[in-house]
Amino acid sequence: MDPIPSTPGEDNPSHLHPTTPSTPSTITPVPLPHLSDHLSNLTHYPNPLDSNPNYHPSDGFYISPHDVIQSHILHDLSAGAAEAASLAYHRAGPRRQIHFQPSEVVAAIVTCGGLCPGLNTVIRELVVGLWELYGVRRIYGVTAGYRGFYDGEAPVKLDPKMVHDWHKKGGTSLVTSRGGFNLGRIVDAIVDRGFNQIYVIGGDGTMRGAVKIFDEIRRRKLHVSITGIPKTVDNDIGVIDRSFGFQTAVEMAQQAINAAHVEAESAVNGIGLVKLMGRSTGHIALFATLCNRDVDCCLIPEDPFYLYGEGGLFEFLYKCLKQNGHAVIVVAEGAGQDMIPRSPAQKEERDESGNPVFLDVGPWLKSELKRWWDRDHAGELFTVKYIDPTYMIRAVPANAMDSLYCTLVAHSAIHGVMAGYTGFVSGPINGNYAYIPVQEVAEAKSVVNTKDHTWAWVRSVTSQPDFGKN
């Protein structure tokens with residue numbers, strides 16, 4: 001592929017500035033890192049999609065640096081309302097010119113952290129996309145997370161034939177691990193193996209690692225582009241609408257809640273207790289509750305609750321039992337952590353990713369329920385059935401909607417990297433795929449707003465107490 005002349009700033013959105021005459025004063029484009037920020041005399045090539053028989057690029061097919069997506073699309077048009085500036089992210093998609101000669105690309109794909117539905121689908125779509133869209137033939141899978149760059153087995157050569165059915169499998173065929181982040185050794189390995197495109201799939205801790213790798217690549221002035229693909233079944237990564245695997249998790253949680261409901265309904269004074277994933281946020285518990293409609297109480301980290309006294313959990317459950325004969329509770333794993341007794345050592349304990357180690361709220365709450373009943377209602381029949389479907393949910397393949405998401409986010413990442421962008425994340429913002437600086441994603445959190453309509457909807461469905469008010 002022959003290089004072509006370039007226009008300064010044509011492919012680098014960082015040249016855009018809020019004061020650009022064509023940019024409305026209320027829209028502020030977020031600068032997006034590009035290889036040209038730390039490298040000079042980059043070569044441009046025509047996009048091979050021009051000659052791809054499956055594509056027929058026409059006007060508007062290629063995305064320009066001026067195409068942006070607003071972070072906020074709701075506006076107050078009332079008289080006198082102040083018009084706040086709106087951040088805008090650069091739209092994801094293919095660019096007319098690329099900065100990598102496909103025959104010279106050596107791509108590395110790595111999965112880090114815990115499992116999530118859709119991991120194998122993302123890997124598959126990255127491999128097939130690089131191969132079919134851009135003609136890249138040297139694609140490698142780094143095994144065992146970040147430590148796989150410098151320790152253990154050599155990277156695995158990947159091609160469409162090898163990964164053709166990976167989307168049907170749960171987990172990650174590349175194997176994953178937590179921790180193992182050694183910046184110097186990772187970047188040295190990237191250089192030694194000749195990788196010039198790095199695709200990192202993981203959660204917020206993994207994204208923080210990607211930020212450090214990106215900074216070190218810039219410091220060394222390497223012709224290497226790195227992109228992150230956010231992976232968190234908890235859906236706790238900020239900026240983007242949601243992360244892949246979340247919809248599958250909500251769907252799979254229905255089986256556990258339905259089972260808990262059957263168990264509770266089939267017993268005298270029966271309670272079905274289901275623990276769902278959600279360390280710092282209760283998105284899965286919230287949406288699983290809304291989808292199911294048989295849940296009597298949804299407990300999440302963002303809404304602290306208490307057990308005894310007026311307006312407490314136990315008073316509410318007793319009313320449910322007297323009225324309906326049974327009750328179903330859904331609790332997120334991060335809920336109630338401040339009430340679970342723990343030693344000073346346990347308070348300081350961290351996992352390999354640096355996250356606080358949570359105590360298991362499910363068995364604790366089950367024990368507290370039995371203690372309450374034995375104390376206040378001795379002699380009366382009472383049953384608690386506890387279900388923890390965590391690993392059943394994490395290990396399944398992505399459902400149809402998450403599979404589609406995985407394809408779109410993988411192809412978006414490929415288009416961005418081939419265009420020379422680096423240090424970014426692909427993801428949907430208000431339904432449109434965008435490029436977001438990885439540092440912003442690593443720092444942002446998506447939490448449940450207990451003051452908005454969605455949480456009010458949960459309380460209207462469950463009729464549970466307003467613990468905060470009480």
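A: Happy to! A word on accessibility comes first: a residue counts as buried under 20% relative accessible area, as exposed over 50%, and as partly exposed in between. Please keep in mind that this is a predicted model.

Across the whole structure, a search finds 18 aromatic pairs. One of them joins Y306 and F467, whose rings are edge-to-face, 6.1 Å centre to centre with 80 degrees between the planes. Y306 sits in the loop between β12 (297–299) and α7 (313–324), while F467 belongs to the segment after α13 (453–462), so this pair ties together parts that are 161 residues apart in sequence. With a relative accessible area of 23%, Y306 is partly exposed, whereas F467 is buried at 3%.

Now to Y318 and W373. Their ring centres are 6.2 Å apart and the planes meet at 45 degrees, so the pair is tilted. Here, too, distant parts of the chain are linked: Y318 is in helix α7 and W373 in helix α9 (residues 361–376), 55 residues apart. Y318 has 26% relative accessibility, which falls between the limits of 20% and 50%, so Y318 counts as partly exposed. W373, at 1%, is buried.

Y318 and W373 also belong to a cluster: ring pairs link them with Y308, F314, W372 and F382.

Finally, a ring can have a charged neighbour as well: R279 lies over the face of F358, 4.2 Å from the ring centre.

Key:
Residues numbered from 1 in each chain as written. Predicted model: local features only at pLDDT ≥ 70, side-chain atom pairs only at ≥ 80, totals over all residues. Heavy atoms only, no water. Phe/Tyr/Trp six-rings, centres within 6.5 Å; stacked < 30°, edge-to-face > 60°. Helix = DSSP H or I, 4+ residues; strand = E, 2+ residues; numbered from the N terminus. Buried < 20%, exposed > 50% of the residue type's maximum accessible area, 1.4 Å probe, protein only. Lys NZ or Arg CZ within 6 Å of the ring centre and 35° of its normal.
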